[in-house]
Amino acid sequence: MANIKEIARLANVSVSTVSRVLNHHPYVSEEKRKLVHQVMKELDYTPNRTAIDLIRGKTHTVGVILPYSDHPCFDKIVNGITKAAFQQEYATTLLPTNYNPAIEIKYLELLRTKKIDGLIITSRANDWNSIIAYQEYGPIIACEDTGDIDVPCAYNDRKAAYTESFRYLKSRGHENIAFTCVREADRSPSTSDKAAAYKAVYGRLEDRHMLSGCNGMNDGARAAEHYYTSERVPTAIYANSDEVAAGIYVFAQKNKWDVEIIGEGNSSISRVLGFPSLDLNLEQLGIAAFSLFMQDEPIDIKIQHQFEKKA
């Protein structure tokens, strides 16, 4: 089996030159680089990437912690990360947690054991005190506003975005509105921001105004039935994704329920069904998160939102 000594002999270069070519070192003449690649091709030589990574102390892989691997919102963030990573010749490894804190810690251990070069956390199950201890092993980037916590982040001003959506509903005369979410406010920064925005616009938030556990269309239909059969039927619902909004929409159509719906994600389904949707520019957020991972001294990046009203 061919090795770098044989490649060096046949190419009439030093072993160190072959090593530089394999490690993409810039200080190798183009003539020698082409000659080494030609000999490698003739010998059908495939470098041992694991060994090279060990020498470099890098894997050129970034881990992406996310709760679900099949959720449209997180898909958009991952698409942005993957696009940016590809341009820098980095691989991405998806690490779904289903919001299990123990599984999330297991993924953080990948950073400590040098299996990955860094982590981008799209949504977390653990508190920051449990996470920041792993920063000494590699960069950790958040996809939420980390405030005073010393963790670089790409984020949306979600409270401002949600406030705009609730104000839109209020301007249209809706006083009895509800919203859906994935997790309760005490477990989710996103839901906490949404609850704060609701209070800012409507003054107070009661349990009947919020329903958790909503991810897709079936959950939207369940939420719609829950609200439609409640004692005080809302006249408008803010859904935490366009898929949840679509489930509410289908239920409302079947039951001839005149309820106004706002979605989140500005996906094709919101445009087809014609309901307003909040666009948090999640793909751009993913791109920004990876750019922070690549920076030596990252600066937090705020991503702007758009509220797509429908005619």
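## Exposure and Asn12

A residue counts as exposed when its relative accessible area is over 50%. Asn12 in this predicted model has 70% relative accessibility, so it counts as exposed. You'll find Asn12 in the loop between α1 (4-11) and α2 (15-22). Its phi is positive, near 60°, and Asn12 isn't a glycine. For background, most residues other than glycine have a negative phi.

Look for Asn98 in the loop between β2 (91-96) and α6 (101-112). With a relative accessible area of 57%, Asn98 is exposed.

## Overall build

The chain has 13 helices and twelve strands. Its radius of gyration is 25 Å, while the globule rule gives 19 Å for 311 residues, so the chain is more spread out than a compact globule. Along the principal axes, the C-alpha atoms fill a box of roughly 85 × 40 × 30 Å.

The chain splits into domain 1 (4-56), domain 2 (61-151 + 283-306) and domain 3 (158-279). Between the C-alpha centres of domain 1 and domain 3 there's a distance of 58 Å.

## Packing, surface and charge

Of the 311 residues, 46% are buried. Take the contacts with a separation of 6 or more: 65% of them join residues 24 or more positions apart.

Definitions and conventions: Residues are numbered from 1 along each chain as its sequence is written. This is a predicted model: local features need pLDDT of at least 70, side-chain atom pairs count only at pLDDT 80 or more; totals for chains, interfaces and linings use all residues. Side-chain values use heavy atoms; hydrogens and water are left out. Helices (H or I, at least four residues) and strands (E, at least two) are DSSP runs, numbered from the N terminus. The radius of gyration is taken over C-alpha atoms; the globule rule is 2.2 Å times the number of residues to the power 0.38. Buried means under 20% relative accessible area, exposed over 50%, partly exposed in between (1.4 Å probe, protein chains only). Contact means heavy atoms within 4.5 Å. Domain bounds come from an automatic or database domain assignment.
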